[in-house]
2 protein chains.
Amino acid sequence: METTLPFAERVNAVRGSRIREILKVTDRPGMISFAGGMPDPRLLPAPAIRAAADRVLTRDGEAALQYSISEGLYDLRAWIAERYRARFGLNVSPASILITNGSQQALDLIGKLFLEKNTPVYLERPSYLGAIQAFALYEPRFVGVGLHAAGTDTDDLRRSVQRNGPGLFYSVPNFQNPAGTTTDLAGRERIAALARTTGILPVEDDPYSELRFNGRDLPPIRALYPPTLLLGSFSKIVAPGMRLGWIVAGPEVMRRLVAVKQASDLHTNVFAQKVLLEFLREVDLERHIAGLRAAYGRNRDAMVDALRVFWPAVRFVVPEGGMFLWCELPPGASAEELATLALEANVALVPGGPFFIPGLGADAGDRFFRLNFSNSTVDEIKTGIRRLAALPLGVANERANNSILHV
Amino acid sequence: METTLPFAERVNAVRGSRIREILKVTDRPGMISFAGGMPDPRLLPAPAIRAAADRVLTRDGEAALQYSISEGLYDLRAWIAERYRARFGLNVSPASILITNGSQQALDLIGKLFLEKNTPVYLERPSYLGAIQAFALYEPRFVGVGLHAAGTDTDDLRRSVQRNGPGLFYSVPNFQNPAGTTTDLAGRERIAALARTTGILPVEDDPYSELRFNGRDLPPIRALYPPTLLLGSFSKIVAPGMRLGWIVAGPEVMRRLVAVKQASDLHTNVFAQKVLLEFLREVDLERHIAGLRAAYGRNRDAMVDALRVFWPAVRFVVPEGGMFLWCELPPGASAEELATLALEANVALVPGGPFFIPGLGADAGDRFFRLNFSNSTVDEIKTGIRRLAALPLGVANERANNSILHV
């Protein structure tokens with residue numbers, strides 16, 4: 001007996017991560033991993049970070065190592081604000097930005113701030129696994145909303161909100177994880193209008209929008225509906241190991257978020273904040289991001305081509321950016337079985353179940369699986385897809401009707 | 001209107017931090033700050049951290065910047081385990097350690113894992129403000145427990161547990177923040193025995209024990225009662241800005257803690273973890289810690305002497321280590337008034353109110369205030385105490401009866 005004190009009920013809502021289990025075996029020799037959502041390690045800017053760390057600790061070591069404020073480094077927040085202005089003409093003040101330990105912590109803080117037991121949380125089907133996990137700890141009532149190739153099914157969202165009342169609406173509008181979909185401008189406008197009339201609060205999670213390979217940037221939902229909580233991250237454009245993300249929110253929400261952040265961990269690592277800021281100021285960031293886009297875009301093309309050639313029975317929507325392809329198996333095949341067989345053939349992928357709301361999980365998700373293309377070479381991608389296509393799934397590898405996915 | 005979605009009720013439990021307000025003015029020119037709990041910036045090992053960062057990013061940059069595991073870096077956990085063995089003969093495996101964003105996050109994760117609404121949380125009067133804030137978000141029932149110069153009043157704890165039932169018992173047994181008290185060995189044994197018979201779960205928060213100026217190390221409560229959750233931190237011996245702390249727990253609690261950590265922020269900054277580990281391996285740590293002990297010990301002595309000479313009306317227990325002196329004003333004086341007058345005289349300190357459980361706050365705490373001695377020079381300490389002694393508090397500066405504090 002470790003302790004006689006029982007765990008809180010909320011902990012039962014946290015499922016062990018299937019991705020986590022799969023990731024445990026991805027460093028096996030010969031394994032090709034399409035499982036995680038990791039950047040290509042060869043594109044992590046270690047030399048420039050090293051130079052930045054050296055300058056920060058030489059010039060400003062005491063402040064980089066001392067306690068700091070819960071809001072995060074002002075100059076880093078100002079840098080983020082300026083980038084919103086430059087990219088979207090979006091007017092965001094540094095005071096409306098809170099630096100978090102990656103955007104995963106942003107989700108936790110938002111859950112703490114807004115979720116009572118049974119507060120509705122509207123999630124697309126499928127949705128980001130980490131958001132389901134973060135919010136689940138606050139025991140909300142998850143409500144599923146349809147997802148089209150053009151993003152959120154806003155008709156379904158409207159009907160759901162009419163039935164279930166105000167709550168959080170969580171969405172990844174650009175290159176959704178896992179589905180790869182992007183909500184088009186008309187969809188964003190409908191979401192903004194719905195929020196205005198129904199009182200749902202959009203949580204706009206945007207870790208991927210800098211990784212667009214084709215098509216044009218769309219305005220954030222926050223530009224159309226300013227109360228929207230907008231989340232960003234340096235994990236995909238600089239380095240996930242530094243755990244630096246942020247929330248954009250208005251003054252009243254921000255005041256509360258800062259208090260909750262302070263109670264949760266005082267403040268975000270200021271050493272990493274200062275090193276990152278120095279990196280951002282000194283590096284040619286446009287060139288760095290262009291390099292990421294080119295490499296990941298090539299990888300996406302290689303994966304799309306390999307699927308079309310070797311595994312035509314699988315359906316998918318081609319994402320315009322990000323890190324993932326979301327695939328639908330032919331009728332009769334199981335993604336859980338696929339994942340198990342794939343591991344035996346030294347390919348890791350994530351079956352769809354965990355991306356669906358608890359309760360709807362396995363059934364809805366078992367037709368789907370997620371492939372990551374940012375952490376493999378073009379050759380590995382081709383080899384991996386060939387291996388998958390050759391697995392004995394017990395269904396014919398016939399060309400699928402490549403119509404729009406509709407979950 | 002920022003949003004029509006109301007805040008969760010738990011947020012009302014989070015009080016704005018009085019310390020935070022006071023800290024805002026501590027960088028005013030001429031201000032002597034006894035307010036925060038910050039290490040002396042001149043003792044932060046910036047050059048050695050710089051060398052460590054350089055080596056890590058040269059040798060191991062990709063892993064330092066990539067996603068990592070929720071448990072934290074294995075080798076850092078092994079280092080911590082070895083130090084417990086060396087210091088206390090305490091057998092702790094690396095697998096029983098979770099790396100957190102400072103020990104403040106450890107408190108939040110423990111709250112998430114164990115606290116239902118109205119679960120009893122036993123807290124000494126006074127107790128660490130950050131623990132009150134972290135736990136408050138889970139809406140527990142706080143129960144106050146007396147504190148002696150020799151630590152927790154275990155008779156009071158036993159009676160309280162008999163009345164209120166099992167729950168968490170939170171304590172800082174070494175150089176308590178704010179009271180400076182250390183729970184003696186007999187007290188630790190009584191706490192262990194109580195935990196064994198009543199089912200309370202001790203949360204042993206130990207950020208300061210490496211900063212002992214005199215007297216001898218005592219075994220952790222965990223050595224006497226293994227289910228105890230033991231918290232540690234690198235903030236006081238290396239650098240708070242890196243936000244690195246840990247929890248020691250048994251396998252079942254650890255499995256759950258890791259799931260909760262993953263939901264809360266995926267994992268702790270691995271860049272900082274690797275740099276810290278490299279620092280710990282390369283620096284002469286005993287010498288570094290001896291330097292901290294010598295400096296802070298000198299500061300404590302200077303503050304104790306100055307209080308005895310210039311302000312004999314104030315009562316306090318001399319702490320054997322740590323960073324704080326906890327002082328009691330003569331009858332009729334108010335610590336809130338003292339804090340306000342002190343700021344006008346360019347001295348910052350923290351009145352006692354926030355260190356008491358909400359509801360008992362202002363009344364119980366207004367006789368007390370906390371002085372930090374780690375972030376000032378000996379000269380500043382003397383000057384600051386003279387300024388405080390000269391404030392027009394409306395009570396005589398007569399020598400106090402220096403008997404043991406009993407809150």
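This is a predicted model: local features need pLDDT of at least 70, side-chain atom pairs count only at pLDDT 80 or more; totals for chains, interfaces and linings use all residues.
**Where the two chains meet**

Let's start with the interface. On the chain B side, 84 residues are in contact with 84 residues of chain A. Between them the two chains bury about 7,300 Å², and 60% of that area sits on carbon and sulfur atoms.

There is polar pairing here too. Counting residues that are both at pLDDT 80 or more, 31 residue pairs are in polar contact across the interface of chain B and chain A. If you want to find the chain B side on screen, look for helix 2 (46–65), helix 4 (102–114), helix 5 (129–136), helix 9 and helix 10 (270–282) of chain B, the elements that each give two or more residues to the side touching chain A. Sorted by class, that side of chain B has 43 nonpolar, 24 polar and 17 charged residues.

**A helix pair across the interface**

From helix 4 of chain A, the residues involved are A:Gln104, A:Gln105 and A:Asp108, and they meet B:Gln262, B:Ala263, B:Ser264 and B:Asp265 in helix 9 of chain B. By class, this contact has 1 nonpolar, 4 polar and 2 charged residues.

**A helix pair inside chain B**

Now for a pair within one chain. Helix 6 (residues 154–164) of chain B packs on helix 7 of chain B at an angle of about 10°, with 10 Å between the axes. That makes helix 6 of chain B roughly parallel to helix 7 of chain B. Helix 6 of chain B brings B:Thr154, B:Leu157, B:Arg158 and B:Val161, while helix 7 of chain B brings B:Gly187, B:Arg190, B:Ile191, B:Leu194 and B:Thr198. The class count for this contact is 4 nonpolar, 3 polar and 2 charged residues.

**Salt bridges**

Over all chains, the count comes to 53 salt bridges, and the count between chain B and chain A is 4.

| Residue pair | N to O distance |
|---|---|
| B:Arg50 and A:Asp54 | 3.8 Å |
| A:Glu210 and A:Arg87 | 3.5 Å |

What does the pair of A:Glu210 and A:Arg87 tie together? A:Glu210 lies in the loop between strand 8 (201–205) and helix 8 (221–224) of chain A, and A:Arg87 lies in helix 3 (residues 74–88) of chain A, so the pair links parts that are 123 residues apart in sequence.

Finally, a few things to check along the backbone. In chain A, the peptide bond from A:Asn177 to A:Pro178 is cis, with omega near 10°. A:Pro178 sits in the loop between strand 7 (168–171) and helix 7 (185–198) of chain A. In chain B, a cis peptide bond joins B:Asn177 and B:Pro178, with omega about 15°. Look for B:Pro178 in the loop between strand 7 (168–171) and helix 7 (185–198) of chain B.

Then there is A:Arg243, a residue other than glycine with a positive phi, near 50°. You'll find A:Arg243 in the loop between strand 9 (229–233) and strand 10 (245–248) of chain A.

Terms used: Residues are numbered from 1 along each chain as its sequence is written. Chains are lettered from A and ligands numbered from 1 in the order in which they are written. Side-chain values use heavy atoms; hydrogens and water are left out. Contact means heavy atoms within 4.5 Å. Helices (H or I, at least four residues) and strands (E, at least two) are DSSP runs, numbered from the N terminus. Ala, Val, Leu, Ile, Met, Phe, Trp, Tyr, Cys and Pro count as nonpolar, Asp, Glu, Lys and Arg as charged, and the others, Gly among them, as polar. Buried area is the accessible area (1.4 Å probe) that two parts lose on being put together, summed over both. A salt bridge is a side-chain nitrogen of Lys or Arg within 4 Å of a carboxyl oxygen of Asp or Glu. A polar contact is a pair of N or O atoms within 3.5 Å; within protein, one must be able to donate a hydrogen and the other to accept it, and residues adjacent in sequence count only if both atoms are side-chain atoms. Axes are lines fitted to C-alpha atoms, for helices over the stretch in contact, and angles run from 0 to 180 degrees between N-to-C directions. Angles under 35 degrees count as roughly parallel, over 145 as roughly antiparallel, 65 to 115 as roughly perpendicular and the rest as oblique.
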